Amino acid sequence: MSKLMPTNVPAFLLAASAIIPIATTTTTTPAAKQEFRLAMGAILRAQGRDAQATLKSISPMELDTKDRYFRECALSRLNATGPLPVTSDTPDVNVFTRNLLQLYRTYWRTSALNNDSRPAAERALIDGLAKLLGHPVSNIAEAEPLIAARLTSYGLFSLEGRTGVLHDLMIWSRNTQKIEQVPLPEGSNATHVNYLDGFISRGWSSYLTCNRTGTGGWTTTEGLFVIVPSYKSLTDENFRVNFLAHESQHYSDKKRFGDMPSWQLEYRAKLVEIIYADTTRDRVLDAFANNQGDDPSDPHSYADKRVLTILMNRLGLTSVATLHTISIDRLHQTAINVLKADSVALDTARHAKLRPYPLK
């Protein structure tokens, strides 16, 4: 999201793989494209074994050059017995930052490949950070401000926290600030936007997918933060809707309603994507369909499933595929109605000082 949004705001990794794509003149087959979507969804849920099995089941001969490269690169980063691939977009990165990334990448791979190993992987990360920082820490939260301070001393910006189910890390070198007037379904919003560039790290989802996907940015009470290299254009519908409108809805909702569960913030922002998606409608629906989940601690997948479910219920449909076939105006209006009904429920609950029941 937006591609994948953090729970307490995180990080994502811009790392160029050393793997060389194999030349091919084939185009990716429809069957292979579907398997790729399943593998990508598994990676974004940190289900590395499922992704690994799916990628291995795809014959390289079914793939074009770009997809072959992704398959080989992703498998190399999900290889539990192999060395971590050498990746860097900044050859002159300082030793501390290089070692820091090595610790996080090891943790990401180990945690993605085995859910049961996550506590041990986190413990290894904590121990490694204590040694690298030269300071005792008992958990990741204690280490994060120390990490930020060290990176700041090298003239770098950073963001620590958790994205989905894993601890994350972003590191970048440039930040340009602007005020953007963003139209939203329930009123426009003057949004403070930070355009971030010069990335050394864009976090675990970007790293494990070899920059094929990853977070496009995030929102805090201070405004929006855009990961510039995540976008081909900063003026097209993908950026205007799937990031700027999505994240501005978060910004607006936090001001209007205060604290809400992360999944509910995502639920409302994803409805806004549906409301404004025109040329990107099919891509947005596919992205939601390929990343559905039932775990509220993974707010994106949890929200994706609930958005699709309520739209199908309101429209009297029985499958996600049929959402692609109805008129775009009808889909937009249905999503608007759902968002407004949710706003009424939130306002009512806020005024009554009650938390609304989770949407079914």
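## The disulfide

A disulfide joins Cys73 to Cys210, with an S to S distance of 2.0 Å. This comes from a predicted model. A search of the whole structure finds one disulfide. Cys73 lies in helix H3 and Cys210 in the loop between H7 and strand S4 (217-220), so the bond ties together parts that are 137 residues apart in sequence. A disulfide is a covalent bond between the sulfur atoms of two cysteines.

The torsion about the S-S bond of Cys73 and Cys210 is about -100°, so the disulfide is left-handed. Are its two cysteines buried or exposed? Cys73 has a relative accessible area of 0% and is buried. Cys210 has 9% relative accessibility; the cut-off for buried is under 20%, so Cys210 counts as buried too.

## Helix H3

Helix H3 covers residues 65-77, 13 residues in total. From its first C-alpha to its last, H3 reaches 19 Å. That is close to the 18 Å expected at 1.5 Å a residue. Asp64 caps the N-terminal end of H3. A side-chain oxygen of Asp64 lies 3.3 Å from the backbone nitrogen of Lys66.

Which residues of H3 are buried? They are Asp67, Arg68, Phe70, Arg71, Cys73, Ala74, Leu75, Ser76 and Arg77.

## Strands S1 and S2

Strand S1 (residues 157-163) and strand S2 (residues 166-182) run antiparallel. Seven bridges join them. Phe157 stands opposite Trp172 in S2.

The hairpin of S1 and S2 has two residues between the strands. In this hairpin, Gly164 takes a positive phi near 60°.

## Strands S2 and S3

S2 also pairs with strand S3 (residues 189-201). These two strands run antiparallel, and 11 bridges join them. Ile179 stands opposite His192 in S3. In a regular strand the side chains alternate between the two faces of the sheet.

How many residues lie between the strands in the hairpin of S2 and S3? There are six. Here Gly187 takes a positive phi, near 125°.

Methods. Residues are numbered from 1 along each chain as its sequence is written. This is a predicted model: local features need pLDDT of at least 70, side-chain atom pairs count only at pLDDT 80 or more; totals for chains, interfaces and linings use all residues. Side-chain values use heavy atoms; hydrogens and water are left out. Helices (H or I, at least four residues) and strands (E, at least two) are DSSP runs, numbered from the N terminus. The expected span of a helix is 1.5 Å times one less than its number of residues. Buried means under 20% relative accessible area, exposed over 50%, partly exposed in between (1.4 Å probe, protein chains only). A polar contact is a pair of N or O atoms within 3.5 Å; within protein, one must be able to donate a hydrogen and the other to accept it, and residues adjacent in sequence count only if both atoms are side-chain atoms. A disulfide is a pair of cysteine sulfur atoms within 2.5 Å. Two strands pair if DSSP finds at least two bridges between them.
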